[in-house]
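Colleague: I am new to this structure and would like to learn how to read it step by step. Could we begin with the place where the chains meet, and then work inwards?

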Amino acid sequence: MNPMNDDRFLDLAMKAVAQQATAEEQAELDALLASRPELQTELEQLRSAARLAKEALPLVSATEATAGELPGYARGRLQTKVRETYGAAQTAEKEESKEAFGSWRWLLGLATATAVLALIVLPSVLPKPRVSVQVAMLDLAGTTRGADTNEVALLRQAWQDAPFESFSQAAKLEDWEKDWPQEAKGTVAKIIYDRSAGEVRVVGRHRGQPFQKTFPLENSLSETLRLAADYVKGIPAK
Amino acid sequence: MSDAPDLSALQRGDADAWDAAFRWLWPVVFAVAQTRLGPFLPADVEDVAIESLEELVEAAQTVKRAEELKPLVASIAHNRAVSRLREHFAQKRGGGQTESLEARQEQEGAPELAGGDSPLADVGRGELATLLTELQAELKPEQRALLADFFLHGLSYEQLAAKHGLAIGSVGVYLKRGLEALRRVGERHPERLKELEAFLR
């Protein structure tokens, strides 16, 4: 076959594979194949590669996708999977660490005793610093449902002396989150219960540095609030 | 890939690292699930995407580089979507009937979408991830765009020439080069890609 026929065969074969060939082009291709049966193999190769292209190219494009946001409700489920998968391994790691430090136990004991003494003596001498806490709830559906009342009570109970705000618009919550008291010298923490995202978020400032921790709502709100409260207790007040 | 998550933190089970990884990988799993399931089971797209991320949590333990995560999770999502389609069509056709998934898809109006008879349907997730990575490397973005416009979007030679700035006489040659690049990748996975077995003769 001369180069002219090669090019023509290629065009006809491509169109046939893509189901774009007209009746005349298909007839011309059939005639070429009848006169040159070895071209049938090439046609089949093109057809197979084209089929792979149809299957694989959308996947390659999808692999490069960057648009879209993980739904809030999925986070808790996924983090549970992380804990199930890596939780045991982490525990084993901690146990190994404990063993490795076994020979230093007497020194650690001395340090612990000193720390305990400091904890007993110092609070009686110095005024107790506290993390300043503010609490808010975001309920995009509004605040009229009965379930909310119980949730608000749980939030108020968890941080009894903290000011409480309830928002039904994300933008207003966002403004509240950005509003940090100027006069506060110590650590400030804001606890946000986001109903629609199914999470409790702790955001704050410690020595001018922001910190944040999210607690997905898994078993119950009270359980999640307890985890958040434990976290807040662990934050240094100054 | 500067925005890739810290793999060692993921493999330690760090919750914050996983949170970031889930957000980074979500567009990929969603796009794959949408591509495969969107026309048939749109309500299942998000579910399959989340399940794929769950499966990745375990699969990530054997990953060597963070850059492998996106192709891997795309493969997981693809295989899960195909399984979901198979279950769906098996339920619809009931017992005793043996028509292929592809035939069923043709009846439902989208024969070109992947299903049980797809050349990728039974490729393991690891191998499919490798295949996708190699395709990304082997096929230039413009080659991929040209092939997609012709085989997926049905553009004519004239339209391809205008869109991609090619002489109409060279469109076939460019298409062939693209398919050859694709074929080279396929030939590295001959034992799995049943559709490409013909090339090994």
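Modeller: Let us begin with the contact between the chains, keeping in mind that this is a predicted model. The contact draws 43 residues from chain A and 50 residues from chain B.

Colleague: Which helices of chain A each supply at least two residues of the side that touches chain B?

Modeller: They are α1 (3–17), α3 (39–63) and α4 (72–100) of chain A. Of the side of chain A that touches chain B, α3(A) gives the most, with 18 residues. By class, that side of chain A holds 23 nonpolar, 10 polar and 10 charged residues.

Colleague: How should I read the packing of α3(A) against α7(B), and at what angle do these helices pack?

Modeller: One looks at the angle and the separation of the axes together: α3(A) and α7(B) pack at about 120 degrees, with their axes 10 Å apart. Because angles of 65 to 115 degrees count as roughly perpendicular and those over 145 as roughly antiparallel, α3(A) is oblique to α7(B). Their crossing is left-handed. On the α3(A) side the residues are A:Ala50, A:Ala53, A:Lys54, A:Leu57 and A:Val60, and they meet B:Arg144, B:Leu147, B:Ala148, B:Phe151 and B:Leu152 in α7(B). This contact of α3(A) with α7(B) has eight nonpolar residues, no polar ones and two charged ones.

Colleague: Turning to chain B by itself, how many helices and how many strands does chain B have?

Modeller: Chain B has nine helices and zero strands, and buried residues account for 43% of its 201 residues. To see how far apart in sequence the partners lie, take the contacts in chain B between residues at least 6 apart: 56% of them join residues at least 24 apart.

Colleague: Is α7(B) oblique or roughly perpendicular to α9(B)?

Modeller: Helix α7 (residues 141–152) and helix α9 (residues 171–187) of chain B pack at about 105 degrees, with their axes 9 Å apart, and that makes α7(B) roughly perpendicular to α9(B). Among the residues making this contact are B:Leu146 and B:Phe150 of α7(B), together with B:Tyr174 and B:Ala181 of α9(B). By class, the contact of α7(B) with α9(B) has six nonpolar, two polar and one charged residues.

Colleague: Finally, how should I think about a nonpolar core, and which residues have the most contacts inside the largest one?

Modeller: As a general idea, nonpolar side chains in soluble globular proteins tend to be buried together. Here the largest nonpolar core has 73 residues, and those with the most contacts inside it are A:Ala53, B:Val29, B:Val32, B:Ala33, B:Val73 and B:Ala77. Helix α2 (residues 15–37) of chain B gives the most to this core, with 12 residues. Apart from this core lies another, of 19 residues, including A:Val133, A:Phe167, A:Leu173 and A:Leu225.

Definitions and conventions: Residues numbered from 1 in each chain as written. Chains lettered and ligands numbered in written order. Predicted model: local features only at pLDDT ≥ 70, side-chain atom pairs only at ≥ 80, totals over all residues. Core = buried A, V, L, I, M, F, W, Y, C linked by C-beta atoms within 7 Å. Buried ≥ 20, exposed ≤ 12 C-beta atoms within 10 Å, placed from the backbone. Helix = DSSP H or I, 4+ residues; strand = E, 2+ residues; numbered from the N terminus. Contact = placed C-beta atoms within 7 Å. Nonpolar A, V, L, I, M, F, W, Y, C, P; charged D, E, K, R; others polar. Axes fitted to C-alpha atoms, helices over the stretch in contact; angles between N-to-C directions. Parallel < 35°, antiparallel > 145°, perpendicular 65-115°, else oblique. Left-handed = near helix turned anticlockwise from the far one by under 90°.
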